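Okay, thanks for coming, everyone.

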Amino acid sequence: MRHGKKVNHLGRTDSHRKAMLANMATSLVKHKRIITTLAKAKALRKYVEPLITKSKNDTTHSRRTVFAYLKDKEAVTILFREISEKVANRPGGYTRIIKMENRLGDNAEMAFIELVDYNEIYGAKAATEKKATRRRGASKKKAEGTEETPAATETDATASTEEENKD
């Protein structure tokens, strides 16, 4: 039984796992999206989301705490300057994991992990969907469409009865 065991060890020692997650978190902060295995992406989400939450409060203590995890000055600077401004109003859920096709070599489940506020594709799609929903004009179109259909069926019915009468 695995009661109370929340950490996915990823087949690595503790020091190797911590170093790997720190490197992956640094890459995610710098590049805003990375491709990795699904298990590593899920472990990375638990690792990086508390750091992003901590970056909302820009104090020396929080910077030092985040630096202890990331171990990269440039990544810490990007996190506190750019990313914390974008996620200021978001209460959580800063990352998105999208499953991809399995890797060719070993058939491992691959995933795409990204920072939610840095994907323009999903933001543009949501904006266009909101613009497209109108109830006022839809009723007129439906009314015009229903009027045309019975008229078309009546003309078809009269044409078929005339043909039967001729025969």
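So, where is the place of K5? K5 is in the segment before helix 1 (14–31). Before I go on, a word on what you're looking at: this is a predicted model, where local features need pLDDT of at least 70, side-chain atom pairs count only at pLDDT 80 or more, and totals for chains, interfaces and linings use all residues. Residues are numbered from 1 along each chain as its sequence is written, and side-chain values use heavy atoms, with hydrogens and water left out. Helices (H or I, at least four residues) and strands (E, at least two) are DSSP runs, numbered from the N terminus.

Back to K5. K5 counts as exposed because its relative accessibility is 53%. For those words, buried means under 20% relative accessible area, exposed over 50%, and partly exposed in between, with a 1.4 Å probe and protein chains only.

K5 also belongs to a patch of positive charge on the surface, together with R2, K6, K42, R45, K46 and K99. A patch takes residues with over 30% relative accessible area and no salt bridge, joining like charges within 9 Å and nonpolar side chains (Val, Leu, Ile, Met, Phe, Trp, Tyr) within 5 Å. Lys and Arg count as positive, Asp and Glu as negative, and His and the chain ends aren't counted. Helix 2 (residues 38–55) gives the largest share of this patch, 3 residues.

Now for M110, which sits in strand 3 (residues 110–115). Is M110 buried or exposed? M110 counts as buried, because its relative accessibility is 13%. Its contacts (heavy atoms within 4.5 Å), leaving aside neighbours within four places in sequence, include I35, L38, K99 and R103. Take L38: that's 72 residues away along the chain, yet the two C-alpha atoms are separated by 5.2 Å.

Last topic, salt bridges, meaning a side-chain nitrogen of Lys or Arg within 4 Å of a carboxyl oxygen of Asp or Glu. The structure holds 10 of them. In one, K18 pairs with D14, with the closest N and O atoms 3.3 Å apart. Those two are 4 residues apart in helix 1, so about one helical turn separates them.

Another joins E82 and K32, at 3.7 Å from N to O. This pair links distant parts of the chain, 50 residues apart: E82 is in helix 4 (residues 73–86), and K32 is in the loop between helix 1 and strand 1 (33–37). E82 is partly exposed at 41%, while K32 counts as buried at 11%.

Conventions: Accessible areas come from the Shrake-Rupley method with a 1.4 Å probe; for residues, only the protein chains shown count as cover. The place of a charge is taken as NZ of Lys, CZ of Arg, CG of Asp or CD of Glu.
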